Amino acid sequence: MTSRAEPIPIAAAKRPRRSHRTEARITKYALLAVFVVIVLMPVYVLLVTSFKGAAETDPSQAWALPQNWTLAGWRTAWHDLSPALGNSFKLVIPATVLSCVLGSLNGFVLSKWKFPGADFVFTIMLFGLFIPYQAVMIPLAQLFSDIHFPEGIPRLIFAHVVYGIPITALIFRNYYATIPDELMEAARMDRAGMFRTYWSVVLPLSMPAFVVAAIWQFTSIWNDFLFAVFLIVDPAKWPVTVALNNEAGSLVTTYNVQMAGALLASLPTLIVYILLGRYFMRGLLAGALKG
Amino acid sequence: MRNVRRWGPGLLLVSPSIILILVFVFGLIGWNAKVSLSDWRTSVHSTGWAGLAAYRDLNADPAWSEDLHHILLFTATFIVGALFVGLTLAFLLEKGVRGEGFFRSIYLFPMAVSFIAAGVVWRWLMNPAPGDRSTGLNVIFEKLHVGFLGNEWYLGQNWGMSAMALPAIWALSGYIMALYLAGFRGVPEELREAARMDGASEFRVYRHVVFPYLRPVTLSAVIILGHISIKVFDLIVAIGGKQLITQTPAVYMWILIYDAQDYAKGAAIATLLLLGISVLIIPYLIFTVRSERRA
């Protein structure tokens, strides 16, 4: 035990200071734990309620574990929401892929293959980050029907790709700014054109930016409600946010079904978050300009 | 301009995106403004000129003044709450604690959840129903013998919109924490050391060295939270539905379009939302781009 022996105190006066520090440390961890409990409280409620029976509604049992664990709520929620979950996947996968490809190309040109006025163009794009989408929603719906754009999911894919241009350009531009210009110079010495430079120099380095942009777009498109509610008329084409809101807003839907539905609708983004949380954080900071 | 052959392909590659942004951001904003000045007040599409009639209607509309009152209260509570919680969390974490990664990911996870899904559980938590239909926080208060804390939450007559901000604070505090944490870590350690060498107490090190460093972070955070708040829509729909007592401008716009089919008035709200946010954003964008150029 010698290795763990306390160092001999040099001056007695230091002692109270140390205990003061321990106290501060305990307070710190206690506060952190309190916040963990508060943040996770809704998760507890969601999980516990989703496994209760429809009849377990007595307030005295509201926070208690289920008396009889049952999957009934999950089954009903799955039955009601699975078509909408399918729609969401059909929407979010192509939209995310297209957004990332476009973002990578735009980010590359705007940082490494600049044309005169490139910075101005970027500033104009940034403005598109912040507009409240309500300001384009009425004409957008009108335009889609005027030009007979294919109804349903394709309209949403198009909208999310277009309004995703600013944020993806920002993420990729910020990332590419960290690639040394010497690499570009070297490619130029080899008389490589734009596409070859992009393909063989820039793209192989782009993986982290693709992950960050993909997580960002996946999460915000999956969680979007506004575009879907304004652009999708046919309930059979609703993504899961609209379907869930419709289901949970109905007076006949019991709490267990609502909570199971909310969990189902959140699982994909939560899984992405758990697997790639590190990049999630990075994306948030990269996109610090955007909310 | 020397070498078109060099930068030409780049411009060509970006031009579809530029055109899309010009058309679908700037073009549609103009179109929306035009709708707001038109006489399109029914389901029949109309492009006749009506001047500021829709804006005048809004101005005289008692529901609209309720909306403005609601959004002010919501925004104030949301910004103050999220800044306070976010800064507190970052402050607790900044010197490095054991399991920092764990705490960070817990605090940040609500960002990954949609307001619609969060709304489902928060509506249960903030259920104002009395008696045997009561759930959530009111039940907990009863159990802990602080039943007097039980309240009507988002349906409260005066402070309802403050309660409505609680789920938003829950959702965004982790993000604000991440911003502040990055800010804290950006303070050069030498500066703190130097202040300590000068005999400054830890409190004064924070007060005079660290916190001044965080001012730009606070500015960004206020802008980000403010622009989320002004247009808040899904959270309100998920928790309050279409009730007037929780109605915000964005919700009113939706009701006007879908239930009343008053397109001009809906477009007028959309234009006002854009103006409100632009007042916040444009100076900030100019400031950001300038400081990027300086760097």
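Let us start with chain A, whose secondary structure comes to eleven helices and zero strands. Helices here are DSSP runs of H or I with at least four residues, strands are runs of E with at least two, and both are numbered from the N terminus. The radius of gyration of chain A, taken over C-alpha atoms, is 26 Å, well over the 19 Å that the globule rule gives for 291 residues, so chain A is more spread out than a compact globule. That rule is 2.2 Å times the number of residues to the power 0.38. Along its principal axes, the C-alpha trace of chain A spans about 70 × 70 × 30 Å.

Before going further, a word on what you are looking at. This is a predicted model, in which local features need pLDDT of at least 70 and side-chain atom pairs count only at pLDDT 80 or more, while totals for chains, interfaces and linings use all residues. Residues are numbered from 1 along each chain as its sequence is written, and chains are lettered from A and ligands numbered from 1 in the order in which they are written. The model scores ipTM 0.91 and pTM 0.90. For chain B the mean pLDDT, which is the predictor's confidence in each residue on a scale from 0 to 100, is 91, and 99% of the residues of chain B reach 70 or more.

In chain A, 45% of the 291 residues are buried. A residue is called buried if 20 or more other C-beta atoms lie within 10 Å of its own, exposed if 12 or fewer do, and partly exposed in between, with C-beta atoms placed from the backbone.

Chain B has 13 helices and zero strands. Its radius of gyration is 24 Å, well over the 19 Å given by the globule rule for 295 residues, so chain B too is more spread out than a compact globule. Its C-alpha trace spans about 80 × 75 × 30 Å along the principal axes, and buried residues make up 43% of its 295 residues.

Now see how the chains meet. The contact takes 68 residues from chain A and 75 residues from chain B, where two residues are in contact if their C-beta atoms, placed from the backbone, lie within 7 Å. On the side of chain A that touches chain B, α11(A) gives the most, with 13 residues. By class, this side of chain A has 51 nonpolar, 14 polar and three charged residues. Here Ala, Val, Leu, Ile, Met, Phe, Trp, Tyr, Cys and Pro count as nonpolar, Asp, Glu, Lys and Arg as charged, and the others, Gly among them, as polar.

Next, look inside. A nonpolar core is a set of buried Ala, Val, Leu, Ile, Met, Phe, Trp, Tyr and Cys residues joined through C-beta atoms within 7 Å. The largest one has 171 residues, of which B:Val121 and B:Tyr180 touch the most other members. Helix α7 (residues 160-185) of chain B gives the most to this core, with 17 residues, and the core draws at least three residues from each of domain 1 and domain 2 of chain A. Leaving aside neighbours within four places in sequence, B:Val121 is in contact with A:Pro42, A:Val45, A:Leu46, A:Met259 and A:Ala262.

Helix α12 (residues 249-260) of chain B also has buried residues, among them B:Tyr252 and B:Trp254. The buried residues of α12(B) pack against α4 of chain A together with α3, α11 (234-240) and α13 of chain B. After α12(B) comes B:Gln261, with a positive phi near 50 degrees.

Finally, visit two histidines in loops. A:His148 sits in the loop between α4 and α5 of chain A, and its phi is near 55 degrees, a positive value in a residue other than glycine. A:His148 counts as exposed because it has 7 C-beta neighbours inside 10 Å. B:His145 lies in the loop between α6 (136-143) and α7 of chain B and has a positive phi of about 60 degrees. B:His145 likewise has 7 C-beta neighbours inside 10 Å, so it counts as exposed.

Notes: Domains from an automatic or database assignment.
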